[in-house]
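Subject: Structure handover

Hello,

Here is the structure I said I would pass on. My notes on what was found in it follow below.

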Amino acid sequence: MNLFQSNQLEFAWWVEINTNVPRCIYYFGPFDSEKEAQLYKSGYIEDLYQEQARDIVALVKQCQPDVLTIFQEKLEVLPGMCD
């Protein structure tokens, strides 16, 4: 699915995962409902954990991220990509 093909995706549900090791923000989606995003969230967390990510915090939110992976190794402040 093309992430930018429809304005309907503007308020789609996404899984946002923040990790401290490495310092990244990941977005997974879009999903049609909060329930669907919640169902997939644990799988994404497990995949990142298997890839040695640590200090993982995940939440489900409605947004439209511009970038799906944000590397923060040199950033002091988190960008507000999906507020």
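Which residues make up the largest nonpolar core? They are Trp13, Val15, Ile17, Cys24, Tyr26, Phe31, Ala37, Leu48, Ala53 and Val60, 10 residues in all. A nonpolar core here is a set of buried Ala, Val, Leu, Ile, Met, Phe, Trp, Tyr and Cys residues joined through side-chain atoms within 4.5 Å. Buried means under 20% relative accessible area, exposed over 50%, and partly exposed in between (1.4 Å probe, protein chains only). The elements that give two or more residues to this core are β1, β2 (23–31) and α1 (34–50). Apart from it lies another core of six residues, including Ala12, Trp14, Cys63 and Ile70.

Before the rest, two notes on the source. This is a predicted model, in which local features need pLDDT of at least 70 and side-chain atom pairs count only at pLDDT 80 or more, while totals for chains, interfaces and linings use all residues. Residues are numbered from 1 along each chain as its sequence is written, and side-chain values use heavy atoms, with hydrogens and water left out.

Sheet and helix. Helices (H or I, at least four residues) and strands (E, at least two) are DSSP runs, numbered from the N terminus. Four strands form an open sheet in the order β3-β1-β2-β4, with antiparallel pairing; two strands pair if DSSP finds at least two bridges between them. β3 and β4 (69–71) stand at the edges with a single partner strand each, so one side of each has no neighbour in the sheet. Between β2 and β4 there are three bridges, and threonine 69 in β4 is the bridge partner of tyrosine 26.

Salt bridge. The whole structure has one salt bridge, between the side chains of glutamate 16 and lysine 61 (3.2 Å, N to O). The term means a side-chain nitrogen of Lys or Arg within 4 Å of a carboxyl oxygen of Asp or Glu. Glutamate 16 lies in β1 (residues 13–21) and lysine 61 in β3 (residues 54–62), so the pair ties together parts that are 45 residues apart in sequence. Glutamate 16 is buried, at 8% relative accessible area.

Aromatic rings. There are four aromatic pairs. Rings of Phe, Tyr and Trp (its six-membered ring) pair if their centres lie within 6.5 Å; planes under 30 degrees apart count as stacked, over 60 as edge-to-face and the rest as tilted. Phenylalanine 31 and tyrosine 40 are stacked, 5.4 Å centre to centre with 25 degrees between the planes. Phenylalanine 31 is buried at 7% relative accessibility, whereas tyrosine 40 is partly exposed at 44%.

Regards
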